[in-house]
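Please find below some notes on the model you sent.

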Amino acid sequence: MDTWLIVVIVIAVLVVLALIALAAAKRTRVGKARKAAQAREHLREAELRGAKAEQEQALADEQAARARRERAEVQLRSAEAEREARERSEHAQQERSAAEQLKAKAEKLAPGLSHRDGHVGGAQAADVTQQIRREDIQRGSNGGGANRA
């Protein structure tokens, strides 16, 4: 074989190897560019999701604060209702006690009078009931509850 033919074959092989190396380098650059673009897209999506997560967290915090405020308001109203109920119960006990005292006085003044009917005269009981109802209506129109200290 001639030397010039061997040189041509060697040059052809070197050119082919150079072309393969250039193609590999180009493929690597294209791959890196594609990965960089993909990475930028992932970063953008991560920023969007992070912003959405912060917004959701803010809404959740606001909702939790609203729930705590509402729970406190309910507890306050409940405590107020319980206080009013205790006051009414105390008032009812005082009225019962006053009624017992009056009954005892009536028994002292006229023994056996209250045992005849089983109760004090019907008209007098009706007057007392109407007086109590009037007081309850007046209390109701003055703010919805007892206003005693």
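1. Glu-80 and Arg-83 form a salt bridge through their side chains, at 2.2 Å from N to O. The term salt bridge is used here for a side-chain nitrogen of Lys or Arg within 4 Å of a carboxyl oxygen of Asp or Glu. Both residues sit in helix α1, three residues apart, which means a separation of about one helical turn. Glu-80, Arg-83 and Glu-87 are linked in a network of salt bridges.

2. The model is predicted: local features need pLDDT of at least 70, side-chain atom pairs count only at pLDDT 80 or more, and totals for chains, interfaces and linings use all residues. Residues are numbered from 1 along each chain as its sequence is written, and side-chain values use heavy atoms, with hydrogens and water left out.

3. Buried means under 20% relative accessible area and exposed over 50%, with partly exposed in between (1.4 Å probe, protein chains only).

4. The structure holds five salt bridges. Among them is the pair Glu-62 and Arg-66, at 3.4 Å from N to O. These two are four residues apart in helix α1, so about one helical turn separates Glu-62 and Arg-66. Glu-62 is partly exposed at 47% relative accessibility, and Arg-66 is partly exposed at 32%.

5. Glu-45 also forms a salt bridge with Arg-49, with the closest N and O atoms 3.3 Å apart. Both lie in helix α1, four residues apart, about one turn of the helix. Glu-45 is partly exposed at 37% relative accessibility, whereas Arg-49 is exposed at 58%.

6. Which residues make the nonpolar surface patch of about 990 Å²? Trp-4, Leu-5, Ile-6, Val-8, Ile-9, Val-10, Val-13, Leu-14, Val-16, Leu-17 and Ile-20 do. Patch residues have over 30% relative accessible area and no salt bridge; like charges are joined within 9 Å and nonpolar side chains (Val, Leu, Ile, Met, Phe, Trp, Tyr) within 5 Å. Ile-9 is placed in helix α1 (residues 3-109) and is partly exposed, with a relative accessible area of 40%.

7. For the chain as a whole, there are three helices and zero strands, in the order α-α-α along the sequence. Helices (H or I, at least four residues) and strands (E, at least two) are DSSP runs, numbered from the N terminus. Of the 149 residues, 3% are buried. The accessible surface (Shrake-Rupley method, 1.4 Å probe; for residues, only the protein chains shown count as cover) comes to about 13,100 Å², of which 59% belongs to carbon and sulfur atoms.
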